[in-house]
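Hi everyone, thanks for making time this morning.

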Amino acid sequence: MAARVYVVTFHDLAKKQIDLRNDDIRVLLVASNGAYDPGDTDEDPNTLSDMNGGAGVAGVEFDGAGYSRKVLSSKSLSENTADNKVTFHATDVTWVSLSAGTHSVEGALLFKFVTSDADNVPLAWCPYSLATAPNGSNFKNSWPAGGIITIS
């Protein structure tokens, strides 16, 4: 799961408007309906409402019973001075008894929660290698061991 970090993330980090350790960072699941690719490099949204050509994530967010957006916990940054990198980490996220939705899940979208999708800032798109269909059991989003976002 290699993340695509949005331009707004780098911009807001440089302006000290995002603090990955202390801000309210959340994750939502994107459905594999083929209508939208959050990894599209032609799109650089500033808010969740700007995504999907201005339609927002409402039509592409996973819709199975038991689903809700989750807050990331145990957020941390690690510094690798030898390779000039900083990596963002957080605890894996689990949805309890997540039922199937209209479509499978194709990945996770990290965002800084502000108040609403009109203000929430997209941070990174983390696609799964294969779309996964929840089946009523616990659904775990496992972050890469090497970290979620690496900045170098």
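Let's begin with tryptophan 95, which sits in strand 6. Please keep in mind that this is a predicted model. Is tryptophan 95 buried or exposed? Tryptophan 95 has a relative accessible area of 0%, so it counts as buried. What does tryptophan 95 touch? Leaving out residues up to four places away in sequence, its contacts include Val27, Leu29, Tyr67, Phe139 and Asn141. Gly66 is another residue on that list, and the C-alpha atoms of tryptophan 95 and glycine 66 are 7.2 Å apart, although 29 residues separate the two in sequence. There is a polar contact here as well: a polar atom of the tryptophan 95 side chain lies 2.6 Å from the backbone oxygen of serine 68.

Now for the nonpolar core. The largest one has 38 residues, and the members that touch the most others are Leu29, Leu72, Leu109, Leu110 and Trp143.

On to the charged side chains. In general, side chains of opposite charge can pair when their charged atoms come close. How many salt bridges are there in this model? The count comes to 6.

One of them joins lysine 112 and aspartate 23, with N and O 3.4 Å apart. This pair links distant parts of the chain, 89 residues apart: lysine 112 is in strand 7, while aspartate 23 is in the loop between helix 1 and strand 2. Lysine 112 counts as buried because its relative accessibility is 15%, and aspartate 23 counts as buried too, at 19%.

Lysine 140 lies in strand 9 and aspartate 92 in the loop between strand 5 and strand 6, so the pair ties together parts that are 48 residues apart in sequence. Lysine 140 is exposed, at 51%, whereas aspartate 92 is partly exposed, at 31%. There is also a network of salt bridges linking Glu61, Arg69 and Asp117.

Lysine 75 is buried yet has no salt bridge. Where is lysine 75? Lysine 75 is in the loop between strand 3 and strand 4. The nearest side chain of opposite charge belongs to aspartate 24, and that is 6.1 Å away. What lies 2.4 Å from a polar atom of the lysine 75 side chain? The backbone oxygen of aspartate 23 does. Beyond its neighbours within four places in sequence, lysine 75 is in contact with residues including Leu20, Asn22, Ile25, Phe88 and His89.

That brings us to the last stop. Histidine 89, in strand 5, is the bridge partner of serine 76. Strand 4 and strand 5 pair in the antiparallel sense over 5 bridges. Their hairpin has 4 residues between the strands, and asparagine 84 takes a positive phi near 55° there.

Technical notes. Residues are numbered from 1 along each chain as its sequence is written. This is a predicted model: local features need pLDDT of at least 70, side-chain atom pairs count only at pLDDT 80 or more; totals for chains, interfaces and linings use all residues. Side-chain values use heavy atoms; hydrogens and water are left out. A salt bridge is a side-chain nitrogen of Lys or Arg within 4 Å of a carboxyl oxygen of Asp or Glu. Helices (H or I, at least four residues) and strands (E, at least two) are DSSP runs, numbered from the N terminus. Buried means under 20% relative accessible area, exposed over 50%, partly exposed in between (1.4 Å probe, protein chains only). Lys and Arg count as positive and Asp and Glu as negative; His and the chain ends are not counted. A polar contact is a pair of N or O atoms within 3.5 Å; within protein, one must be able to donate a hydrogen and the other to accept it, and residues adjacent in sequence count only if both atoms are side-chain atoms. Contact means heavy atoms within 4.5 Å. A nonpolar core is a set of buried Ala, Val, Leu, Ile, Met, Phe, Trp, Tyr and Cys residues joined through side-chain atoms within 4.5 Å. Two strands pair if DSSP finds at least two bridges between them.
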